[in-house]
Amino acid sequence: MKEQWFVPYRYKMVEKISIPPKNERLSILKQGGFNMFSIPSEKVYIDLLTDSGTGTMSDKQWSAIVSADESYAGSRSFFDIKKAVKEIMGFEHVLPVHQGRAAEKVLNSVLIKEGMFVPGNTHFDTTKAHIENAKGRCIDVTISESENSTSDYPFKGDLDIYKLEEEIKKVTPEKVAYILITVTCNSGGGQPVSMQNIKDVHKIARKYSLKLFFDAARFAENCYFIKTREIAYNNRTIREISNEMFSYSDGFTMSSKKDAIVPMGGLLVLRDVDIFDALKPFVILNEGYLTYGGMSGMTMAALAQGLYESTEFDYLHYRIGQVKMLGELLKEASIPIVTPIGGHAVFIDGRRFFPNISEEQFPAQYLCASLYEAGGIRTVEVGANLADRDPDTGENIRPKLDLCRLAIPRRSYSYEHMMYIAETVKEIYKNSKSITSGFQFDFESKGIRHFSSTFKLINSKRESLFE
Ligand code: F0G
């Protein structure tokens, strides 16, 4: 029996899904200005918009919910989280928040002063927006391999150590609020960061007396890649790797909607008690008291249990294996995907998929829309639309890659669904070279524009996006 056929679950509950007729799908797209966020979820057959808050909870998480404690102060469910964080990440000081961006808001409100910088590996969009909102600026120091969608470098989320040090010297260490490592690097294609690189960044941080934080939304998936790709860690357990990885950081923000497999929740965790104390009032004002921070006891109980489950090797092996399987199906059909295949998603290179749609006409966004029309599959663009404008010059930022992200929810879809997705992509690809025009903005929203901007077709006479 092949190892990859090992599924460490069986189903106890199902949700019915269906697909609207094809002509209805095109009109739904047009009504929503071809923005994927405007499609009602019940009109979606397979939802790959995000892996955030879309995972399937286990029987143990549901049992934890039933026995959760809903106290305002001193909730037992909060102490369950503290225990899990201590065991898996090794930290004492935990602040609960309602989701990842809330942790970013609190952290950046305190650590960033006007004109400060946060170097890191391709900051996630809400992270970047919160840093800029606090009047700071991001510096992207990801290694150059990340710009090449066909390179097979195993840790494309790594930071360029030389560039990092140069940037610190250039802006001066006093102007660096902290260094941020995103594990895995979502905006860079779900690519992992190696333990060696984390150690090297830690050394630079110490050399210049700077704090090092992690954006730990997908920390467990990063640990899986360290275990399977970094020889020194092959025989270590995921939790041992996690403990070592976090030992190099001064704290982390976490959207628990990913690797803690809960619909809502977040954490802000600190090593330094002074920073912890300084952040507390912001949590109380913005999120809630220090033992719930915007989460219900039920959410906290499920989150604590989720942290244990997502750091089990068989879960990770199946989860990342499923993403890999989809990627392999596409690769076999010569679909231009980003390699190596990421942890939570397969990313298709829009510019190579539609080589005759110019870069200014959003080829990756066009692929997202085509996938919905062709198969009722919802994905999201991680490219020219998401990259937005430079906050200082107002110019459109030209991203290294223009990608369509197929994010796979945890424990939610089957092998047959993966086959269906691959067949739908292939169907569009057959004809992709004959498509010569894409989209232009109909309405461009100001600030984190990809959530609410709308598009119109350059060739308004098209009756199908891909046929
Ligand atoms: N950091 C990373 C790396 C993320 O991927 C996300 C969210 C956040 C922070 C913010 O967390 O949504 O809980 O406020 N990513 C989702 C996605 C939305 O689809 O990739 P949040």
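Predicted model: local features only at pLDDT ≥ 70, side-chain atom pairs only at ≥ 80, totals over all residues.
Mentor: Before we compare helices, keep in mind that an axis is a line fitted to C-alpha atoms, for helices over the stretch in contact, and that angles run from 0 to 180 degrees between N-to-C directions.

Trainee: At roughly what angle do the axes of α12 and helix α16 cross?

Mentor: The axes of α12 and α16, the latter spanning residues 415-430, come within 9 Å and cross at roughly 30 degrees. Since angles under 35 degrees count as roughly parallel, α12 and α16 are therefore roughly parallel to each other, and their crossing is right-handed.

Trainee: Which residues in α12 and α16 meet?

Mentor: From α12 come Gln322, Met325, Leu326, Leu329 and Leu330, which meet Tyr415, Met418, Met419, Ile421, Ala422 and Val425 in α16. Sorted by class, this contact has 10 nonpolar residues, one polar residue and no charged residues.

Trainee: How do the axes of helix α8 and helix α9 cross, and which residues make the contact?

Mentor: Helix α8 (residues 219-229) and helix α9 (residues 238-247) have axes that come within 9 Å and cross at roughly 105 degrees, which makes α8 roughly perpendicular to α9. On the α8 side the contact is made by Phe219, Asn222, Cys223, Tyr224, Ile226 and Lys227, and on the α9 side by Ile238, Ile241, Ser242, Met245 and Phe246. By class, that contact has eight nonpolar, two polar and one charged residues.

Trainee: Turning to strands, which way do the residues of β7 point, and are they buried or exposed?

Mentor: The general idea is that in a regular strand the side chains alternate between the two faces of the sheet. In β7, Gly251, Thr253 and Ser255 point one way while Phe252 and Met254 point the other way, and all are buried.

Trainee: Which strand pairs with β7 in the parallel sense, and which runs antiparallel to β7?

Mentor: Strand β6 (residues 212-215) pairs with β7 in the parallel sense over three bridges, with Phe214 standing opposite Phe252 in β7. Strand β8 (residues 266-270) is joined to β7 by five bridges and the two run antiparallel, Gly266 in β8 being the bridge partner of Ser255.

Trainee: In what order do the three strands of the open sheet with β12 stand?

Mentor: The order is β9-β12-β11, with antiparallel pairing; β9 (345-349) and β11 (380-382) are the edge strands, each pairing on one side only. The twist averages 35 degrees from one strand to the next.

How values were computed:
Residues numbered from 1 in each chain as written. Heavy atoms only, no water. Pairing = 2+ DSSP bridges. Helix = DSSP H or I, 4+ residues; strand = E, 2+ residues; numbered from the N terminus. Parallel < 35°, antiparallel > 145°, perpendicular 65-115°, else oblique. Contact = heavy atoms within 4.5 Å. Nonpolar A, V, L, I, M, F, W, Y, C, P; charged D, E, K, R; others polar. Left-handed = near helix turned anticlockwise from the far one by under 90°. Buried < 20%, exposed > 50% of the residue type's maximum accessible area, 1.4 Å probe, protein only.
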